[in-house]
Amino acid sequence: SIYEMFGNECCLSTGEVIKVIGFKVNKLIASICETNEVSQFSAKVELPLNFPGLYKVVADKTPYVSIEEITRKVSIGPTRLGHPCFYSPEDIKSANFTIKHGEKITFNSVEEVNGKMVVNCVVVRNNQSYSFTLPLSQEGKFYECEDDQIYTLKEIVEWKIPKCRNRIVKLSNTLHMWDSSNPLPENFDGYLILMPVYEVQAVMKFRKSIVHILSDLDVEVKDITDCYDISSFLQPLSLEDVLERTSMEFPMVAEIMEGPSGSQKPYNLLSPGTEIVIYKKYQAARVLASEIRSDSPKRHFLIPMSYKGKFKRRPREFPTAYDLDIARSEKEQLHVVATKAFASPHKELLSVAVGDQFLVQQCQTSEILYEGRKKLVDVLACEQILSNTYKKVFLPMYMEGSFVEVIHDKKQYHLSEICKEFHLPFNVKVSVRDLSIEEDVLAAVPGLQFEEEITDSYLLISSASSPMESWEIPVYRLNMLVHLLSKDVQTIVPPVTKTIVEEISKEQYYMVRRYENQTLHPPPRPPKKPT
């Protein structure tokens, strides 16, 4: 029979041998509920996997009855998303460690030890991590822990929907304005019960592309795994699979089976059938930058340290005196002008008028008279710039005003200089574009805020047929499948690496920031008014 699948005709004739390589969620059927309980009257909508928004996962109330069931139904992998957490209502005794009832157990990986499959686990107790293993044969009741993280729908589909179970999520934050094409009700604040609709991913003996077969396709098949040489099929690898290869296996030649979408170079060159050389894997630094604009949506970029353009400083804005204290540095004195008036309730502290200028000095304590009693409060010591003199003044740390930085530095900086000499976040604009890039997208942006420096996993690749230049491609933000070729690499030394400024989506921006900051504690909140 001939079936049309995603615009491609695929012939599934009688006797055709197909190797199933995976299952993938094709779309989601979502039941709309006001509570996290399924109702027979719940409205159902179809959601694409790229449907925008950020969601909180509701812990599954149905327990798993063994470690083996968890490993069979729950995604456990090398990334942070692949570390699910469970607890047991009973104490569990492992070889040399006892897990107390109710303790959160993080499942990190599955491996074979002395011929038995085990799960590598971690328990954090009194700020100290304890590692141990649990055999797949371990039985009991294991409940999913509450999860305070927020995920995109794509992340939930890939990592957070157990096999043979539905997943309840709560919309936490929409990433776009509601319109009539949105399948969810306007101002929706309830729960969604997600039911995945799967497709089968397979390879056929005489095709180099992946075949996608909808799970409801009416085809009769027979399992012949035990009596067929499956080594004759191609072995598709994702970029994550390539990353897990040992460093000794690089460089390698691969043929692209499924390429990424996008018109930006080199993504437009990575089409199916193209042969590439993958030279090495490594961690590389990037600066996460966002467009400075009052309206939304903002554009977001990941800028490599190899960027050859230059930047000039742009004024920063500070909503409170507390933010001024965080931003001050020993390298230079912070000079600001007030753009919002503030009337101080205490005569010892300054009232601010629009246009007042200050040189920020330091945070200290000062004595004020409050309801007839003397009280020590945190203040920001500044020098107020008058017409021909300076006056020492104190601003209350809780002051909600508005200040704009006055820039005296006219120097042009390379990216590496900014990261070395200044604290981020830092506001800039491109003063000299990078001439090595055909179209420098940063040059057209009126202002950028460098938010933080991050590290990420990359593969260095080039074209196998004409290796004139090489590119760094991000492992976790590029959907691509390859299969390795048994060809020798002609040039072991990679050609010159081209600089790529990567523009990322709002969802990707959120994911990058969350992964980078999840171990950091937020700064303390600004002091409140004395009471």
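**Close-up 1. Lys374 and its salt-bridge partner in the predicted model.** Lys374 is exposed in this predicted model, with a relative accessible area of 66%. The side chain of Lys374 meets that of Glu367 in a salt bridge, at an N to O distance of 3.9 Å. Glu367 is partly exposed, its relative accessible area being 45%.

**Close-up 2. The salt bridge between Arg477 and Glu502.** The closest N and O atoms of Arg477 and Glu502 lie 2.8 Å apart. This pair links distant parts of the chain, 25 residues apart: Arg477 belongs to the loop between E31 and strand E32 (481-485), whereas Glu502 belongs to strand E33 (residues 502-504). Arg477 counts as buried at 14% relative accessibility. Glu502 likewise counts as buried, at 8% relative accessibility.

**Close-up 3. A salt-bridge network of five named residues, Arg313, Arg316, Glu332, Glu405 and Asp409.** Salt bridges that share partners join Arg313, Arg316, Glu332, Glu405 and Asp409 into one network. The structure as a whole holds 21 salt bridges.

**Close-up 4. The salt bridge between Arg286 and Glu472.** Here the closest N and O atoms of Arg286 and Glu472 are 2.5 Å apart. The two residues, 186 residues apart, link distant parts of the chain, with Arg286 in strand E20 (residues 275-291) and Glu472 in strand E31 (residues 470-474). Arg286 is buried, with a relative accessible area of 5%. Glu472 has a relative accessibility of 19% and therefore counts as buried, the cut-off for that class being under 20% relative accessible area.

**Close-up 5. An open antiparallel sheet of 6 strands.** The strands follow the order E23-E28-E24-E25-E26-E27, and their pairing is antiparallel. At the edges of the sheet are strand E23 (317-320) and strand E27 (390-396), each of which pairs on one side only. From one strand to the next, the twist averages 40°. Strands of a sheet pair through backbone hydrogen bonds, in either a parallel or an antiparallel manner.

**Close-up 6. The pairing of strands E24 and E28.** Strand E24 (residues 335-338) and strand E28 (residues 400-405) run antiparallel and are joined by 3 bridges. Ala338 has Phe403 in E28 as its bridge partner. In the order of the open sheet, E23-E28-E24-E25-E26-E27, strand E28 stands between E23 and E24.

Conventions
Residues are numbered from 1 along each chain as its sequence is written. This is a predicted model: local features need pLDDT of at least 70, side-chain atom pairs count only at pLDDT 80 or more; totals for chains, interfaces and linings use all residues. Side-chain values use heavy atoms; hydrogens and water are left out. Two strands pair if DSSP finds at least two bridges between them. Helices (H or I, at least four residues) and strands (E, at least two) are DSSP runs, numbered from the N terminus. Axes are lines fitted to C-alpha atoms, for helices over the stretch in contact, and angles run from 0 to 180 degrees between N-to-C directions. A salt bridge is a side-chain nitrogen of Lys or Arg within 4 Å of a carboxyl oxygen of Asp or Glu. Buried means under 20% relative accessible area, exposed over 50%, partly exposed in between (1.4 Å probe, protein chains only).
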